[in-house]
Amino acid sequence: MKEWWVQVGLLSVPLLAVYLHIPPPKLSPALLSWRSSGGYFTYKDQNIFYRDSTGAVGSSDIVLLLHGFPTSSYDWYKIWEGLTQRFHRVIALDFVGFGFSDKPRPHRYSIFEQASIVEGLVRHLGLHHQRINLLSHDYGDTVAQELLHRPMLCCYCPKEAVRGRCRFHLSLIAQVYIAPRAISRLHSTSRHRPLSNNRFLFSILQYINQRKKHRDRWVGALMSTSVPLHLIYGPLDPVNPHPEFLQLYKKVLPTSTVSVLDDHISHYPQLEDPTGFLNAYLNFINSF
């Protein structure tokens, strides 16, 4: 099995195609298998790819996975089976502009739209009155923060949520937007439109400016929420350097719990150390 950094490197190959106008490479057997095991729903005429696996018998718990930039739902493949052994439903999507979802051009890509797409998927699957756990990474962290900010968040929980008994948990992996940091790569495996120009990249990368503009809104959502929060952190993360990031995170969000993985773990802990990552996540979930 290829090392995680090789996988991430291969996923970034389409970035070069933007400048050289090279057709996207053929999908690997692993990605073809990932696509064939998923499906699509429509959000405002956009085809959005998602996977939905039924797992543990006797459990009613659902986990929804939000991927980072510049990759896709495939980021979760190493822990997918492990999650299905704990959760009744394991669900992941490719945000619009990423993975196997549509990549409309021209288009104003925004965190707000991505959050609405997540809500649309929840409604599409008929889960808007179910209890859902959010597990997010990188770009997906900001989408999760927007979902926390919205009054519609209670749609993920039973009616008892309004009386404070909502079992909604949020786990954040790296790049929680406490300070302005970002990486600039992009992955595309769309069945519809290959990458073809720099404007598309520019449109996607506007999320960095959105983070700066709406910092108070999204950090404020984390600071004011009563939803249990947990951070899974790799100390070697170049995007959120240790120990400064962790110190700031604990200062801003003192009620959040934190799992710090081994010293050699970096920005993609779910790929670099799937066993350690999964154990950290399930320990958080099972603490309730």
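Helix axes here are lines fitted to C-alpha atoms over the stretch in contact, and angles between N-to-C directions run from 0 to 180 degrees. On that basis, the axes of helix α5 (residues 111-124) and α6 come within 9 Å and cross at roughly 75°. That makes α5 roughly perpendicular to α6, a label used for angles of 65 to 115 degrees (under 35 is roughly parallel, over 145 roughly antiparallel, and the rest oblique).

The model is a predicted one, with local features needing pLDDT of at least 70 and side-chain atom pairs pLDDT 80 or more, while totals for chains, interfaces and linings use all residues. Residues are numbered from 1 along each chain as its sequence is written, and side-chain values use heavy atoms, leaving out hydrogens and water.

Overall, the chain has 12 helices and 8 strands, taken as DSSP runs numbered from the N terminus (helices H or I, at least four residues; strands E, at least two). Among contacts (heavy atoms within 4.5 Å) with a separation of 6 or more, 82% join residues 24 or more positions apart.

On the α5 side, the contact with α6 uses Ile 111, Phe 112, Gln 114, Ala 115, Val 118 and Glu 119, and on the α6 side Tyr 139, Thr 142, Val 143, Glu 146 and Leu 147. Sorted by class, that makes 7 nonpolar, 2 polar and 2 charged residues (nonpolar: Ala, Val, Leu, Ile, Met, Phe, Trp, Tyr, Cys and Pro; charged: Asp, Glu, Lys and Arg; polar: the others, Gly among them).

Helix α6 (residues 139-149) also packs against helix α9 (residues 215-224), at an angle of about 70° and with the axes 8 Å apart; this pair, too, is therefore roughly perpendicular. Thr 142, Gln 145, Glu 146, Leu 148 and His 149 of α6 meet Arg 217, Trp 218, Val 219, Ala 221 and Leu 222 of α9, giving 5 nonpolar, 3 polar and 2 charged residues.

Helix α8 (residues 206-213) buries Tyr 207, Gln 210 and Arg 211. These cover an arc of only 105° around the axis, so they sit on the same side of α8 (the arc is that of the directions from the helix axis to the C-beta atoms). Lys 212 and Lys 213 are exposed on the other side.

His 67, in the loop between β3 (62-66) and α4 (80-84), counts as buried because its relative accessibility is 0%. Beyond residues up to four places away in sequence, its contacts include Trp 76, Phe 95, His 137 and Tyr 139. His 67 and Asp 138 are 71 residues apart in sequence but 7.1 Å apart in space, C-alpha to C-alpha.

Conventions. Buried < 20%, exposed > 50% of the residue type's maximum accessible area, 1.4 Å probe, protein only.
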